[in-house]
Amino acid sequence: MALELKQSLRLSQQLVMTPQLQQAIKLLQLNRMELAELINQELVENPVLEESTDEGTAIEGVPAQQEDVAGEGDPEAEQRRDEEVQTRPQERQEELIAAAPQDQDTNWENYIEEFNSTSSSLPSMREVNEELPSFESVLSKTTTLEDHLMWQLSMTTLNESERRLGELIVGNLSDDGYLIATLEDIAHEAAIELEDAEEILKMIQNFDPVGVASRTLQECLLIQTQFMKPRQPMVEQMIRDHLPLLERKNYQGIAKAMNVSLEQVIASTKLILELEPKPGRSFHSSDTQYITPDIYVYRVGDEFVIMLNEDGMPKLRISPYYKNILAGQKSASNKITKEYVQDKLRSAMWLIRSIHNRQKTIYKVTEAIVSRQKDFFLKGVQHLKPMILKDVANDIGMHESTISRVTTNKFVHTPVGIFELKYFFNSSISSADGTDSLASEAVKEKIKHLVSKEDAKSPLSDQKIVELLKSENIDIARRTVAKYREMLGILSSGKRKKVF
């Protein structure tokens, strides 16, 4: 077959996403803090944009973007503010004197007089800093598990190759303090015999916290039992030979296998419960993750009011300076300048318009959610109704993908708590008589409530939970209960059982 080159014409249609459309889609997915960061970046990159100092008004939760320069304030109001500022320090002094404990030796009147001894009514920065501790004295650094072990390793008398092996062991520990790499690979990396590597590993396992660098839970617990005073042979035997039965809380089986009484098994189990299964737990960095709601829903009488969180959000406007430049550039010599300003102006206008559309869309979606989930906002989670993206999309006349982008990574503050917008979209569970349906999140809440009220010595099995839910007109399979229980982080009935 011969190859040849030829030209041909073909007409076709295809969708092309313009940069403006891509930007609008990106803005929909951003939460409040990410949007504020993007706006601040645009303020730096686009000279046509500037932050307005006006207090914008809100129409249906959407802030108005002002383009006019703020007018000057009322002179009489400014004079009243100045008088208020001048009298405020004296009022503050009286409050401090009245609130100070009378039994202390501190003379607050002299202190305040010395503090305000300068000609200005406010203290200087140097005077304030004299009363504060140094910046270095208030800094703190959390000690990590790796730092703690490396410090102990530095106190040993190991040679260079052995110390290298110890560093590799410490560097291959999980957050819980377990060795996640094989000792063979670590010994090969450090060029040390496996027998010598075992000795160094045992030495590290005796470091503080005891049991660190263990390879299994059994090894970790057995190392800790070696430090019990006096030694507990029965505890060691239970961990070494009957750990699976201990995990299932089959104390009768352990007593029968060890030929001892049930009381002895329970006494040894109490000692085992005092051991630490995760040696690195105390070194975990538990940084608090704060959530800033994007929307607030308030109850006013019998109605719900929706407000978008605009606190700290920069309000944009077009710079009048660049408007004047654009109007004054008429000669051909300034064509490049005019094109540059026009390009930045179009970009700024599109950004402002996209932010407006984003805020309006979020407001509409939240309004539709509140309309459909009114019982939830009035009574709580157990009254959550099943709802899917298509329901809200049909209510506001948008596509499901748009609703999905709007509800991603955005939180709403409600009278019953703070929830992600995605939380309100869940599948339905049919009632036993088929007349009604319930949201899956509401069913999870019922399961959680049933488990919290159960008898610890006789916990509810999954089948028993199915029967209790059926008595409340909720038809659900046992495997579904097991799945929801695992999603809620609830153990099985055998592991929840408490004998003592």
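**Figure 1. Lining of the largest pocket in the predicted model.** By class, the lining has 12 nonpolar, one polar and five charged residues. Nonpolar covers Ala, Val, Leu, Ile, Met, Phe, Trp, Tyr, Cys and Pro; charged covers Asp, Glu, Lys and Arg; the others, Gly among them, are polar. The volume of the largest pocket is about 550 Å³. Of its 18 lining residues, the closest to the centre are Leu246, Glu247, Lys249, Ile272 and Leu273. Three helices, α10 (217-225), α12 (243-247) and α14 (262-273), each supply at least two lining residues. A pocket is an open set of points on a 1 Å grid over the protein atoms alone, where a 1.4 Å probe fits, with protein on both sides within 12 Å along at least five of seven lines; lining residues have an atom within 4 Å of a point. Grid points are joined across faces, edges and corners, and the volume is the space filled by probe spheres set on the points. Helices (H or I, at least four residues) and strands (E, at least two) are DSSP runs, numbered from the N terminus.

This is a predicted model: local features need pLDDT of at least 70, side-chain atom pairs count only at pLDDT 80 or more, and totals for chains, interfaces and linings use all residues. Residues are numbered from 1 along each chain as its sequence is written, and side-chain values use heavy atoms, with hydrogens and water left out.

Figure 2. Helix α10 is largely enclosed by the rest of the structure, because seven of its nine residues are buried. Buried means under 20% relative accessible area, exposed over 50%, and partly exposed in between (1.4 Å probe, protein chains only). The buried residues are Glu219, Cys220, Leu221, Leu222, Ile223, Gln224 and Thr225. Their cover includes α9, α11 (233-241) and α12. Pro209 sits in the loop between α9 and α10. The Asp208 to Pro209 peptide bond is cis, with omega near 0°. Pro230 sits in the loop between α10 and α11. The bond from Lys229 to Pro230 is also cis, with omega near -5°. Most peptide bonds are trans.

**Figure 3. Ile192 in a loop.** Ile192 lies between α8 (183-190) and α9 (194-205). Its relative accessibility is 12%, so Ile192 counts as buried. Leaving aside neighbours within four places in sequence, Ile192 is in contact (heavy atoms within 4.5 Å) with Ser161, Glu162, Leu165, Ala187 and Ala197. Ser161 is 31 residues from Ile192 in sequence, with 7.4 Å between their C-alpha atoms.

Figure 4. Thr407 belongs to helix α19 (residues 400-407). Thr407 counts as buried because its relative accessibility is 0%. A polar atom of the Thr407 side chain lies 3.3 Å from the backbone oxygen of Ser404. Beyond neighbours within four places in sequence, Thr407 is in contact with residues including Val365, Leu389 and Phe425. Asn409 is in the loop between α19 and β7 (411-414). Asn409 is not a glycine, yet has a positive phi of about 60°.

**Figure 5. Helix α22 and its surroundings.** In α22 (residues 478-487), the buried residues are Thr480, Val481, Ala482, Tyr484 and Arg485. They pack against β9 (428-430), α20 (440-452), α21 (462-471) and α23 (493-496). Asn473 occupies the loop between α21 and α22. Asn473 is partly exposed, at 29% relative accessible area, and has a positive phi near 70°. Gly489, with a positive phi near 75°, follows α22.

Definitions and conventions
A polar contact is a pair of N or O atoms within 3.5 Å; within protein, one must be able to donate a hydrogen and the other to accept it, and residues adjacent in sequence count only if both atoms are side-chain atoms.
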